[in-house]
Amino acid sequence: MTRHITHLRDLGPEGVARVLAQAVAWKEAPPGKIFADKLLAMVFFNPSLRTRASFEAAMLRHGGNAIVLEVGNGTWKLEDRDGVVMDGDRAEHVKEAVPVLARYADALAVRTFSGGVSDAEDELDPVIAAFRAHSPVPVISMESAREHPCQGLADLLTVQKAFGTTKVPVTLTWAPHMKPLPKAVPNSFLLTAAACGADITVAHPEGYELTPEVRAEAEAYAKATGGSVRFTHNQGEALKGAKAVCAKAWGPATGAADSGTAASMSSLGPWMPTAAHMHAAAKDAVFLHCLPVRRNLEVHDSVLDGPWSRVTDEAENRFHVQRALLASMF
Amino acid sequence: MTRHITHLRDLGPEGVARVLAQAVAWKEAPPGKIFADKLLAMVFFNPSLRTRASFEAAMLRHGGNAIVLEVGNGTWKLEDRDGVVMDGDRAEHVKEAVPVLARYADALAVRTFSGGVSDAEDELDPVIAAFRAHSPVPVISMESAREHPCQGLADLLTVQKAFGTTKVPVTLTWAPHMKPLPKAVPNSFLLTAAACGADITVAHPEGYELTPEVRAEAEAYAKATGGSVRFTHNQGEALKGAKAVCAKAWGPATGAADSGTAASMSSLGPWMPTAAHMHAAAKDAVFLHCLPVRRNLEVHDSVLDGPWSRVTDEAENRFHVQRALLASMF
Amino acid sequence: MTRHITHLRDLGPEGVARVLAQAVAWKEAPPGKIFADKLLAMVFFNPSLRTRASFEAAMLRHGGNAIVLEVGNGTWKLEDRDGVVMDGDRAEHVKEAVPVLARYADALAVRTFSGGVSDAEDELDPVIAAFRAHSPVPVISMESAREHPCQGLADLLTVQKAFGTTKVPVTLTWAPHMKPLPKAVPNSFLLTAAACGADITVAHPEGYELTPEVRAEAEAYAKATGGSVRFTHNQGEALKGAKAVCAKAWGPATGAADSGTAASMSSLGPWMPTAAHMHAAAKDAVFLHCLPVRRNLEVHDSVLDGPWSRVTDEAENRFHVQRALLASMF
């Protein structure tokens with residue numbers, strides 16, 4: 001079977017451990033031309049800075065090459081629904097595009113954000129599911145509606161490097177934003193941390209629950225690895241003793257805003273991490289954010305410019321985990 | 001003289017045979033770093049998926065490199081008319097841009113679709129003509145107003161691989177679309193098939209005639225190679241016995257729509273190839289389409305997902321013929 | 001200290017001489033894989049043809065690689081102001097983006113045009129200053145608000161190749177345009193020519209003065225190198241005896257248009273260089289323009305297609321000086 005890596009379940013706790021170990025080893029002693037004669041086709045439905053640069057760097061620095069395609073920008077918009085009459089603005093179907101790219105490249109990397117329709121649709125991850133279904137070569141996710149596995153792995157590698165272990169108390173805290181962002185990043189932090197045996201606290205306002213499916217999957221990993229997962233609406237309590245604080249904005253659970261159970265985003269400014277928040281965490285706590293981050297809206301300058309921030313290391317770790325993942329795919 | 005390849009007449013039947021033979025040979029036994037130290041500058045006036053990925057792959061997989069420029073998207077819009085006062089949105093003239101790129105790259109690849117003005121203007125192919133005129137390094141077409149030579153070659157390579165010869169009955173059938181598309185692809189199928197000695201039937205509604213110049217050129221090739229060319233408005237009759245069915249949407253002949261001789265596109269839905277159409281062809285018939293294809297508008301799912309479809313092979317063959325063409329240019 | 005090259009003052013007259021000598025030497029005898037294992041991240045806030053192609057070519061032709069990012073086009077828009085609440089359309093701050101890219105690449109190249117606010121803001125060059133401040137790896141300018149150092153170097157290399165020396169009379173003449181363009185290119189021609197000991201005449205209409213800071217810097221270089229700088233509103237007089245005529249459109253000095261001291265752009269058509277203008281220069285004079293050039297608005301066909309034009313050589317020289325600059329940075 002083709003080795004796709006688009007969700008944490010493609011790796012499981014053992015796969016995660018293997019990838020992180022490889023990433024750590026190669027961070028110390030970089031491998032040589034391990035991607036010689038390999039070509040990665042990168043397909044972006046959405047913008048990217050770190051993801052694109054770190055994937056390209058991983059390929060190029062090890063003798064490989066990458067082709068970058070932006071869907072709808074220089075390339076046709078892609079249809080992923082079965083059986084439709086294609087009379088709209090999507091000129092090509094993934095049923096053609098994916099097998100064709102697989103004839104030119106050794107693997108496909110895909111970025112496709114949530115369509116913003118519902119948590120239920122994100123759970124199905126339709127675009128990446130279509131890529132998996134139609135690609136005879138390995139597909140790796142550069143973030144999809146449900147997960148951003150490379151980010152989760154980079155986050156946990158950062159924890160590992162900071163504390164020598166991932167089995168520490170970590171807190172994922174909701175952060176404010178001006179629009180409801182997808183849940184892929186918080187999902188992946190939660191899933192990966194659980195797969196790494198961390199003791200995880202997730203703090204978010206009422207109505208911003210992660211999906212039951214993701215929570216159940218995380219709890220299953222925690223059970224297998226000796227970690228733990230808990231959820232709270234009390235940010236202050238959640239920060240106490242945390243060794244790593246990972247902040248991220250995300251939108252309300254589907255329907256929560258309409259039903260009135262979700263606090264309105266505009267009233268949630270105090271959730272923005274500041275230096276005061278970080279002082280509540282463990283003395284040697286580190287701060288994580290996947291980036292891009294909106295300063296002074298999502299996270300305060302005092303945190304990002306303070307002693308806690310590991311966001312640049314975390315971004316560098318994208319390179320390291322992706323190099324390890326790509327090596328395992330080829 | 002600089003060896004440009006932008007129209008079938010740059011190759012002629014002998015050149016076509018040579019390229020296909022090379023493509024077949026290298027499909028079996030890929031060459032090594034034949035493009036080492038070679039740099040291809042790719043200039044896109046229009047979107048691309050296959051073309052871009054397959055050209056980049058051809059260069060990168062053989063030790064070469066490619067630079068991708070999108071005109072008007074990150075790069076200045078280009079003027080190609082002589083003597084104009086450049087006070088519009090085109091900030092640079094091909095008289096500067098082309099010689100300059102030729103100082104950086106070993107060859108230029110250009111994609112420039114029909115401007116949609118008239119068949120007569122497409123026949124002159126003004127942008128690609130300007131590139132040829134001003135480039136001291138070889139220019140290769142990635143589709144222009146008049147022709148898409150790499151597509152035609154890939155189509156015939158697909159026929160060759162399916163039947164061991166290109167001297168078989170092939171049918172080019174018009175297909176429906178929501179807008180009048182350029183004629184470069186049908187032109188190139190016709191010209192290349194004729195240059196390969198195929199027995200070609202072209203079926204299209206009244207008013208959708210290919211230009212007299214292209215038809216005359218195809219007939220001249222057919223005469224030289226022992227092939228044949230005929231045109232009909234009867235799709236059903238055209239499909240009978242065809243070994244390869246190539247479908248493509250294109251617009252009415254210039255003036256035909258205004259003069260009332262062209263059937264309106266909206267009434268031509270029954271021209272969409274379905275499984276029933278393919279059952280009318282030869283028992284071992286293959287189906288070709290250049291892609292992108294609008295499913296269930298231009299071609300029915302039952303064909304694209306059926307046993308006849310060779311569209312992915314056809315797209316892969318773009319890589320093989322382009323590798324052979326590039327090698328002949330450098 | 002990190003070796004950034006974004007302004008002429010980063011090189012000074014000695015650095016300029018060294019770069020030009022290296023460029024001349026490698027133009028004759030190209031070096032081998034001098035950029036092996038080197039990765040350049042190119043960040044474009046603005047469009048580019050020559051700059052992008054020549055930088056990519058310089059890296060790719062010598063064993064290196066380049067990643068191209070277009071800010072706001074496939075990549076987040078970047079904020080460069082300190083302390084703001086990032087609730088607008090700029091989703092990422094250079095404080096994050098620059099250090100992150102520096103983890104993936106060995107050097108950063110940046111293009112960021114003038115914001116068009118004022119000469120005073122251009123003098124501060126805020127975006128490139130932010131890149132310098134936050135990058136632990138070398139930053140090279142691909143044109144900023146104040147200067148376009150690679151262009152100035154390419155211009156003077158063209159003079160050097162034409163006359164065997166840069167110590168000749170050169171004239172920078174203002175040229176018409178339909179909109180007020182930035183002053184980076186004229187600034188860099190002036191600064192680099194002065195650093196090369198040329199005898200420079202700058203001709204422009206009243207109200208189109210270059211900034212006092214740039215003029216003072218050029219005069220200081222001229223003093224050190226034995227060159228000279230003078231300014232005039234009399235184009236005809238300025239052309240007399242000039243060995244090199246460099247034309248460029250630029251906008252009025254800040255406030256000049258409002259104060260009525262700047263001639264209106266629409267009345268300045270006669271400033272457009274024509275063959276007649278070039279006949280007024282030295283018999284063996286060469287014509288320079290950075291490109292893109294709007295033909296018959298900014299410069300007449302008779303000059304660009306005449307015997308004086310070296311604009312293609314000048315563009316090729318971008319490759320040569322950038323190769324030398326990059327080599328000095330790594």
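Q: Hi! Which strand pairs with S7(A) over five bridges in the parallel sense, S10(A) being residues 244-248 of chain A?
A: Strand S10 of chain A, residues 244-248, pairs with S7(A) in the parallel sense, and five bridges link the two. Keep in mind that this is a predicted model.

Q: Got it. Who faces Val170(A) in S10(A)?
A: The bridge partner of Val170(A) there is Ala244(A).

Q: And what stands opposite Val170(A) in S8(A)?
A: That would be Ile200(A). S8(A) covers residues 199-203 of chain A, and five bridges join this strand to S7(A), with the two running parallel.

Q: How does the chain cross from S7(A) to S8(A)?
A: The chain passes through helix H7, residues 184-195 of chain A. This β-α-β crossover is right-handed.

Q: Why is S7(A) largely enclosed by the rest of the structure?
A: Strand S7 of chain A spans residues 169-174, and five of its six residues are buried, so the strand is largely enclosed by the rest of the structure.

Q: Let's zoom out. How many helices and strands does chain A have?
A: Chain A has 13 helices and 11 strands. Its radius of gyration is 19 Å, close to the 20 Å from the globule rule for 330 residues, so chain A is as compact as a globular protein of that length.

Q: What box do the C-alpha atoms of chain A fill?
A: Roughly 55 × 50 × 35 Å, taken along the principal axes.

Q: What share of chain A counts as buried?
A: Of its 330 residues, 61% count as buried. There is also a lot to say about contacts: among those in chain A with a separation of 6 or more, 81% come from residues 24 or more positions apart.

Q: Changing topic: how many residues of chain A are in contact with chain B?
A: On the chain A side there are 24, in contact with 27 residues of chain B. The elements of chain A that give two or more residues to this side are strands S1 (39-44), S2 (65-70) and S4 (92-93), plus helix H3 (94-104). H3(A) provides the largest share, seven residues.

Q: What classes of residue are on that side of chain A, the one that touches chain B?
A: You'll find 15 nonpolar, five polar and four charged residues there.

Q: How about chain C, how many of its residues are in contact with chain B?
A: There, 27 residues of chain C are in contact with 24 residues of chain B. Helix H2 (50-60) and helix H13 (311-329) of chain C are the elements giving two or more residues to this side. H2(C) gives the most, with six residues. By class, this side of chain C has 14 nonpolar, five polar and eight charged residues.

Q: Which residues touch the most other members of the largest nonpolar core?
A: Leu108(A), Leu108(B) and Leu108(C) do, in a core of 339 residues. Leaving aside neighbours within four places in sequence, the contacts of Leu108(C) include Ala41(C), Val43(C), Phe131(C) and Val139(C).

Q: One more: is Arg132(B) buried or exposed?
A: Arg132(B) has 20 C-beta neighbours inside 10 Å, so this residue counts as buried. Arg132(B) lies in helix H5 of chain B, residues 126-134.

Q: What does Arg132(B) touch, not counting residues up to four places away in sequence?
A: His4(B), Thr6(B) and Val139(B). As for Ile5(B), this residue is 127 residues from Arg132(B) in sequence, while their C-alpha atoms are 9.3 Å apart in space.

Note on methods. Residues numbered from 1 in each chain as written. Chains lettered and ligands numbered in written order. Predicted model: local features only at pLDDT ≥ 70, side-chain atom pairs only at ≥ 80, totals over all residues. Contact = placed C-beta atoms within 7 Å. Helix = DSSP H or I, 4+ residues; strand = E, 2+ residues; numbered from the N terminus. Nonpolar A, V, L, I, M, F, W, Y, C, P; charged D, E, K, R; others polar. Core = buried A, V, L, I, M, F, W, Y, C linked by C-beta atoms within 7 Å. Buried ≥ 20, exposed ≤ 12 C-beta atoms within 10 Å, placed from the backbone. Pairing = 2+ DSSP bridges. Right-handed = clockwise from strand over helix to strand, strands pointing away. Rg over C-alpha atoms; globule rule 2.2 N^0.38 Å.
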